[in-house]
Structures are given as C-alpha cells and as structure tokens.
Amino acid sequence: MSKRDYYEILGLSKGASADEIKSAYRKLAIKYHPDKNPDNKEAEDMFKEASEAYEVLSNEDKRARYDNFGHQGMRGGQDFHQYSNINDIFSAFGDIFGGGGGGGGSIFDEFFGGGRRRGSRSRQQGEPGSRIRIRIPLTLEEIAKETEKTIKYKRMITCDTCNGSGAKAGSGTQTCSTCNGQGEIRQVSRSMFGQFINVSACPTCNGAGQVIKEKCDVCDGEGRVKADDTVTVTIPAGVEEGNYIPISNKGNAGRRGGPTADLEVVIEEKEHEHFIRQDNDVMLPLTISFPEAALGAEIDVPTLEGSHKLVIKPGTQPGTKLLMKDKGIPNLNGYGRGNQVVLVNVYIPEKLSSKEKSTLKDMAKSETFRPDNTSKGKDFFGKLKDLFF
C-alpha cells in the first residue's frame, strides 16, 4: 500500500511552521500513545506513522528533500514501520519524549504519570558538525547537460595534532564532575497531573560524560581547525532551482571527535538572455519581418546546443507556436527531454518611406491583404486564450 503524505498524516499544510509540526505530532502521539492504547495494533501503527512523519518534517534537511522529491527522496532513510521495537521511537525524540523514556521530561509525564523509562540516553562522543550549503549558479546550457564544478570553500576539519580529541598529547580525559559521567542532567518537578522530569545534555561535557584535562595547543580544545578545502561535484542534466546535491563528510567536522556533517550544493538558475524555462521546455520569443511571415523563410535561431535552422511557413501568423522537438532540457530521471517552443511575433515598422507607403496602399486595395474577421477571427482569439489563460 502506498504511503500517505506526511503533511496529511499530521493534518497540516505544506507551509506549516516547526512549532505547528511539533504541536500536531504531540496531539497525535498522545492520542495513539501505547500506554493509552495497550494491545491496540491499529493505534500502534498510527503512532508509528505519525512519528515517521514528524521525524522527516521536523528535520530541515529531510523536509526539504521530501518537499522536492516526495517519498522517493526518503529512500535509504529511517522508516518506523521497519522497527520491531517501538522503544526506538521514544529514543529518537528526546524533545518530545524526554530523553528516551515514555514518561521522561515531556508533556507525556502529565498524561502517563512519569512512567517507566523505555531506553537510556545515548552517550555522545563530541558535538556533531554543522552542515555547509553552497549555492552554484548555472546557465540553462549547463543545466541541459551533465556539468562538473570545482568548489573552493572553508570548513572546520579534524585537528591532526590531537586527532580530534581536543586534548593535549598525554593528558587524556576525566569524568565530568557536573554529571558524574552520565552525560545528562535531570531536573524533577511535580504538577497536579504527576511527576515531570526534564532530561537535557550536560552543558559541561555536551553529553559525552568526559572532559579533557589539558587543551590541545593547536585547536584550543575544539578538536578541529579551520582550513581551505576543494571538492569537485558532478551535476546531472535536468536539475532546477532549489535542487541540491549532498556530499557526505564535506561539511564542518564536529567538536572533540563529533561526526562531520555534509556539504550541500544548492542549484541556482541564471536568467537567460534568450530563453524562458517552463519545466523541461524552453520558450524562445522570436520576432520576424512581415515579408518573412507572408512569404516564409528559413531562419537561424539559438538553441541550448547552438544555432539551428527553423522553417517559417508562408502565412505564419503572430502568436504562432513553432515546436522544435527535443531541443529543451533533459529529464532529471534520464528519460527523454523537453522541447523548444518558439513564440512568433511579427515586426511592424513605425516609420515608412514615401515609396513604402505607396506600395502598402496598393497592397491594401487587394482582397488578399484584407483580414477575414469571421473564421480567422475565432482562430486569433483562440490563440490569445492559449497564451494568456
């Protein structure tokens, strides 16, 4: 069975804020919480489904990927329906469930009385690094074919002197005195609904449970230093504004041995001198002379692959759309490509010589040059509808 839309699951619109997403999930989690619905398989499935939606939409990176590519963009990611133990969900959302427990440190304590802990807080080894986003402007010509770009940028990398530990050689670490090596701090309070436990990472050791004895002289205890880096990225044909390419482990390194984040190369489209993009088609406005429209012609027109001949048939009318098949942008999935659509306009000169005026007056006397305001008039308004509606 196909998956439901994550926004639909949480009852939200696509533009929902982070607070609205969190609030909607809390309401559903309370409604379908296993403690409130014991031995209810349907409620457990709804709980997992809501948790999966929240896991994606509450994460800025995953939400952007989902908004761009839907469920296809989530392949390889977390899927709550694959979990045999629902306790993993409680461990995943410390902000909602209070550091891993079904009744620890969250609104659920008020409903379930600060009940049993379902899991322990995972010990962090340093702080994770931050993501880096770099915007790459591309022309339509570059978008129409696979492009390779070399990017030079600055980022935080692991300190070679201390190998990322932040500690001076030979000094090592010791147990954090603030949390006694637990990596977390708990504050207990009570309300009329029951016990309320707030669990948070220890501010001294940032959840590691250990602190360094002496700081590394090179990185001053950070475990990382700023450096120049270069990366070459291959951009597939058919990308569009807002698409991004993740490059693993090329973002900022984490503090004191924390994991390195990703680099994201975000696509920007440069405005083109001639073309207007519509999905994978490109539109080209083309103005021709009255003789060319009346008599027909062969005209060299620009395309994304260079100049090509375009045949103008005799009697071509203003507003005519001429199709140049497969001259557009390739589909990102690799199947087929768009077309180039030429929008024809006929140039009317503002000034004429006496001889030109005389010639046109003679032509105007001919029935050939008089407009037929019956059937052709209907065709004209049909073209207007195609252009503007």
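Q: Does Y66 count as buried or exposed?
A: Burial is read from relative accessible area: under 20% is buried, over 50% is exposed, and values in between are partly exposed, with a 1.4 Å probe and protein chains only. Y66 has a relative accessibility of 6%, so Y66 counts as buried.

Q: What kind of model is this, and how are residues numbered?
A: The model is predicted, so local features need pLDDT of at least 70 and side-chain atom pairs count only at pLDDT 80 or more, while totals for chains, interfaces and linings use all residues. Numbering starts from 1 along each chain as its sequence is written, and side-chain values use heavy atoms, with hydrogens and water left out.

Q: How many helices and strands does the protein chain have?
A: Helices (H or I, at least four residues) and strands (E, at least two) are DSSP runs, numbered from the N terminus. The protein chain has 11 helices and 15 strands. Of its 389 residues, 39% count as buried.

Q: How many aromatic pairs are there?
A: A pair of aromatic rings is described by the distance of the centres and the angle of the planes. Rings of Phe, Tyr and Trp (its six-membered ring) pair if their centres lie within 6.5 Å; planes under 30 degrees apart are stacked, over 60 edge-to-face, and the rest tilted. The count here is 3 aromatic pairs. In one of them, Y7 and Y66, the centres are 6.2 Å apart and the planes stand at 40 degrees, so the pair is tilted. Y7 belongs to helix α1 (residues 6-10) and Y66 to helix α4, so this pair ties together parts that are 59 residues apart in sequence. Y7 is buried, at a relative accessible area of 4%. Ring pairs also link Y6, Y7 and Y66 into a cluster.

Q: What is the geometry of the rings of Y25 and Y54?
A: Their centres are 4.5 Å apart and their planes at 10 degrees, so the pair of Y25 and Y54 is stacked. Y25 lies in helix α2 (residues 18-32) and Y54 in helix α3, so the pair ties together parts 29 residues apart in sequence. Y25 is buried, with a relative accessible area of 0%, and Y54 is buried at 3%.

Q: At what angle do the axes of helix α3 and helix α4 cross?
A: Two packed helices are described by the angle between their axes and the distance between the axes. Axes are lines fitted to C-alpha atoms, for helices over the stretch in contact, and angles between N-to-C directions run from 0 to 180 degrees. The axes of α3 (residues 41-57) and α4 (residues 60-69) come within 6 Å and cross at roughly 100 degrees. Angles under 35 degrees count as roughly parallel, over 145 as roughly antiparallel, 65 to 115 as roughly perpendicular, and the rest as oblique. The two helices, α3 and α4, are therefore roughly perpendicular to each other.

Q: Which residues of α3 and α4 meet?
A: Contact means heavy atoms within 4.5 Å. On the α3 side are E55, V56 and L57, which meet K62, R63 and Y66 of α4. By class, this contact of α3 with α4 has 3 nonpolar, no polar and 3 charged residues. Ala, Val, Leu, Ile, Met, Phe, Trp, Tyr, Cys and Pro count as nonpolar, Asp, Glu, Lys and Arg as charged, and the others, Gly among them, as polar.

Q: What is the strand order in the open sheet of 3 strands?
A: Strands of a sheet pair through backbone hydrogen bonds, either parallel or antiparallel. Two strands pair if DSSP finds at least two bridges between them. The order is β1-β9-β8, with mixed pairing. The edge strands, β1 and β8, each pair on one side only. Strand β1 (residues 132-138) pairs with β9 in the parallel sense over 7 bridges, and I134 has V265 in β9 as its bridge partner. Strand β8 (residues 244-247) runs antiparallel to β9, joined by 4 bridges. E264 in β9 stands opposite P246, and R133 also stands opposite E264.

Q: Why is strand β9 described as largely enclosed?
A: In β9 (residues 263-269), 5 of the 7 residues are buried, so the rest of the structure largely encloses this strand.

Q: Which residues does V342 touch?
A: Not counting residues up to four places away in sequence, V342 touches L284, L286, L310, T320, K321, L322 and M324. V342 lies in strand β15 (residues 340-347) and is buried, with a relative accessible area of 0%.
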